[in-house]
Amino acid sequence: MDDLVRFLRNRNMADNHAYAEVAHRFGGDALLDSHLPMLDLVDMLARQYEAMDPADTRHAGLAYALNRLAQSYAEHPDYRQEWRP
């Protein structure tokens with residue numbers, strides 16, 4: 001699961017950089033307002049998972065949610081088949 005969380009955070013970081021490049025070239029109006037906050041929220045969940053005690057009752061649910069969120073990157077070459085549900 002650690003590899004999946006690292007993958008998800010790396011993809012979020014890459015997406016944030018891509019959106020910043022678009023904003024730099026074309027102005028902030030070129031971005032959909034919903035994308036950047038969503039990336040931030042997904043990264044926040046990944047950070048919470050990393051800091052969470054495995055005995056926490058929310059741990060399994062958060063792992064499940066992160067696994068499903070990572071599916072949006074299933075076509076990325078670094079996405080692993082074992083992460084598929």
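Helices (H or I, at least four residues) are DSSP runs, numbered from the N terminus. Leu41 lies in one of these, helix H2, which covers residues 35–51. The structure is a predicted model, in which local features need pLDDT of at least 70, side-chain atom pairs count only at pLDDT 80 or more, and totals for chains, interfaces and linings use all residues. Residues are numbered from 1 along each chain as its sequence is written, and side-chain values use heavy atoms, with hydrogens and water left out.

Leu41 has a relative accessible area of 43% and is therefore partly exposed, a term for values between buried (under 20%) and exposed (over 50%), found with a 1.4 Å probe and protein chains only. Together with Met38 and Met44, Leu41 makes a nonpolar surface patch of about 270 Å². Such a patch consists of residues with over 30% relative accessible area and no salt bridge, its nonpolar side chains being joined within 5 Å.

Helix H1 (residues 2–26) contains Arg11. Arg11 is buried but has no salt bridge, and Asp78, the nearest side chain of opposite charge, is 4.4 Å away; a salt bridge requires a side-chain nitrogen of Lys or Arg within 4 Å of a carboxyl oxygen of Asp or Glu. The side chains of Arg11 and His76 do form a polar contact of 3.3 Å, that is, a pair of N or O atoms within 3.5 Å, one able to donate a hydrogen and the other to accept it. Beyond neighbours within four places in sequence, Arg11 is in contact (heavy atoms within 4.5 Å) with Tyr73, His76 and Asp78.

His59 belongs to helix H3 (residues 59–70). His59 is buried because its relative accessible area is 16%. Not counting residues up to four places away in sequence, His59 touches Tyr49, Met52, Asp53 and Pro54.

Key
Patch = residues over 30% accessible without salt bridge, like charges linked within 9 Å, V, L, I, M, F, W, Y side chains within 5 Å. Areas by Shrake-Rupley, 256 points an atom, 1.4 Å probe, with all protein chains shown as cover. Helix = DSSP H or I, 4+ residues; strand = E, 2+ residues; numbered from the N terminus. Lys, Arg positive; Asp, Glu negative; His and termini not counted.
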